[in-house]
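Please open the structure in a viewer and keep a selection tool at hand.

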Amino acid sequence: MFFESHASLQAFNTFGIAARAVALLRVADVVGLQAALRHPLVSGFTPLLLGGGSNIVLTGDVKVPVIRIEIKGMQLVEETAKAWIVEMGAGESWHDCVRWTLDQGIPGLENLALIPGTVGAAPVQNIGAYGVELQDRFESLTAMDLHTGRSFELDAAQCAFGYRDSIFKHVATAPGDFGLAGRAVITHVRLRLPKPWKPVLGYLDLERKCQESGVVRPDARQIFEWVCDIRRAKLPDPRQIGNAGSFFKNPTVSADQCADIIAREPNIVHYQLADGRIKLAAGWLIDACGWKGKTIGRAGVYEKQALVLVNRGGVEDPVTGGEVMTLARAIQTSVYERFGIRLEPEPVVI
Ligand code: EPU
């Protein structure tokens with residue numbers, strides 16, 4: 001375990017916000033994590049758990065101890081006639097794992113290429129892209145109780161996955177309540193990659209790639225390359241421009257509400273959901289309000305994708321979490337005034 005007091009978190013959040021932590025503990029294995037939880041500066045507090053820092057906005061210095069999970073390891077733990085089961089340490093980079101599985105000849109994660117962040121963060125917000133969500137490839141995970149230091153396993157049903165949601169995002173306020181936020185930390189994740197492999201190509205951007213290239217039956221490696229190309233073309237690389245991916249969730253509305261909006265805005269991008277409700281593209285709503293490319297202070301709206309807020313100050317003069325939230329609130333207000341829809345931020349605001 002590595003310990004530092006009054007530590008800079010700038011390199012540990014993809015926005016590049018220059019907040020500090022009263023104490024930073026970096027753990028590389030389960031024993032180190034147990035030791036960190038017993039550390040005098042940690043016990044008695046609910047620590048802030050950090051993976052790749054790709055889904056947080058730090059609005060000030062962090063007064064509680066920060067534990068950064070750096071548990072590594074990737075292995076094939078089981079292969080049956082129906083699936084490969086792989087296990088990853090929570091501190092592995094998600095994208096490295098996607099690439100590693102393909103290098104082992106194991107397809108199934110290709111649509112989830114280039115998503116920033118770590119393996120441990122993937123189930124927390126049930127990451128998803130191009131027609132696949134983590135829950136579609138999930139087997140189980142191991143987590144550690146932050147109070148007792150004991151490990152336990154959860155299957156998919158116990159994780160209560162939803163759209164960018166899981167049990168790890170909910171706080172239990174009374175005994176027996178649903179919610180593991182602040183109570184547990186993920187240490188290992190197991191994924192089930194089904195046989196035979198079936199490509200997922202229903203997403204518009206991927207259909208377009210098939211048509212443009214003339215490749216009718218792409219293999220997993222080809223889809224991986226396409227997803228990387230698509231993402232690179234419209235999402236900023238956090239190593240070059242600080243950001244936290246999509247800043248707002250795509251809102252869902254009732255069919256009635258949507259009919260009303262479509263009558264006023266015939267071009268609105270919307271998708272029919274299985275339950276009859278309708279999902280709207282938050283990026284389109286923000287774009288329609290004229291926000292693309294706009295800047296407030298050092299916080300900006302990315303030129304190529306209005307759903308992504310970026311750090312325009314770089315490393316030298318970085319954006320503050322306050323500036324990011326001021327911009328986010330201004331966007332929420334204008335989308336609400338024009339469409340009557342409340343946008344909900346996707347990252348965790350600390
Ligand atoms: N659009 C605009 N203007 C914009 C941005 C988008 O008109 O500035 C329109 C697009 O033309 C498109 C629609 O909005 O018709 C949706 O945009 P896109 O296909 O880029 O996907 P998204 O809804 O913005 C979601 C996920 C992404 C994921 C992609 C691909 C959420 C909040 N975001 O984005 O996930 O990569 O689909 O599956 O669900 C993330 O969660 O951080 C993330 C990047």
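Predicted model: local features only at pLDDT ≥ 70, side-chain atom pairs only at ≥ 80, totals over all residues.

How many disulfides does a search of the whole structure find? The search finds zero disulfides.

**Stop 1: the cysteines**

Select Cys-210 and display its sulfur. The closest cysteine sulfur belongs to Cys-228 and lies 16 Å away, which is too far for a bond. Cys-210 counts as buried because its relative accessibility is 16%, under the 20% cut-off.

Next, select Cys-289. Here the closest cysteine sulfur is that of Cys-258, and the distance of 16 Å is again too far for a bond. Cys-289 has a relative accessible area of 23%, so this residue is partly exposed.

**Stop 2: the whole chain**

Zoom out and colour by secondary structure. The protein chain contains nine helices and 20 strands. Along the principal axes, its C-alpha trace spans about 60 × 55 × 45 Å. For 350 residues, a compact globule would have a radius of gyration near 20 Å, and the 21 Å of the protein chain agrees with that.

Colour by accessibility next: 49% of the 350 residues count as buried. The protein chain exposes about 16200 Å², of which carbon and sulfur atoms supply 51%. Among contacts with a separation of 6 or more, 60% are between residues 24 or more positions apart.

For the charges, select the 37 positive and 38 negative ones; their mean positions are 2 Å apart.

**Stop 3: helix α2**

Select residues 94-103, which form helix α2. Is this helix mostly covered or mostly uncovered? It is mostly covered, with seven of its ten residues buried. The buried residues are Trp-94, His-95, Cys-97, Val-98, Trp-100, Thr-101 and Leu-102. They pack against strands β6 (74-79), β7 (83-89) and β12, and against helices α3 and α6 (220-234).

Within α2, centre the view on His-95. His-95 has a relative accessibility of 12% and therefore counts as buried. Which residues is His-95 in contact with, leaving aside its neighbours within four places in sequence? They are Ala-113, Leu-114, Ile-115, Phe-224 and Cys-228.

Before leaving this region, select Gly-105, which follows α2 and has a positive phi, near 80°.

**Stop 4: backbone geometry**

Select Lys-195 and Pro-196, which are joined by a cis peptide bond with omega about -10°. Pro-196 is in the loop between β12 (184-194) and α5 (204-213).

Two residues other than glycine with positive phi come next. Select His-6, in strand β1 (residues 2-8); its phi is near 50°. With a relative accessibility of 53%, His-6 counts as exposed. Then select Asn-126, whose phi is near 45°. Asn-126 lies in the loop between α3 (121-124) and β8 (128-129). Is Asn-126 buried or exposed? Its relative accessibility is 0%, so Asn-126 counts as buried.

**Stop 5: Asn-55 and its contacts**

Select Asn-55, in the loop between β3 (48-50) and β4 (56-57). At 14% relative accessibility, Asn-55 counts as buried. What does Asn-55 touch, not counting residues up to four places away in sequence? The residues are Gln-125, Ala-244, Glu-346, Pro-347 and Val-348.

From Asn-55, draw a C-alpha to C-alpha distance to Trp-197: the two residues are 142 apart along the chain and separated by 30 Å.

**Stop 6: Val-269**

Finally, select Val-269, placed in the loop between α7 (255-264) and β15 (270-272). Val-269 counts as partly exposed, at 30% relative accessibility. Leaving aside neighbours within four places in sequence, its contacts are Lys-279, Leu-280, Ala-281 and Trp-284. Display the C-alpha atoms of Val-269 and Trp-284: they are 6.6 Å apart in space, with the two residues 15 apart in sequence.

Definitions and conventions. Residues numbered from 1 in each chain as written. Heavy atoms only, no water. Helix = DSSP H or I, 4+ residues; strand = E, 2+ residues; numbered from the N terminus. Rg over C-alpha atoms; globule rule 2.2 N^0.38 Å. Buried < 20%, exposed > 50% of the residue type's maximum accessible area, 1.4 Å probe, protein only. Contact = heavy atoms within 4.5 Å. Areas by Shrake-Rupley, 256 points an atom, 1.4 Å probe, with all protein chains shown as cover. Lys, Arg positive; Asp, Glu negative; His and termini not counted. Charge placed at Lys NZ, Arg CZ, Asp CG, Glu CD. Disulfide = S-S within 2.5 Å.
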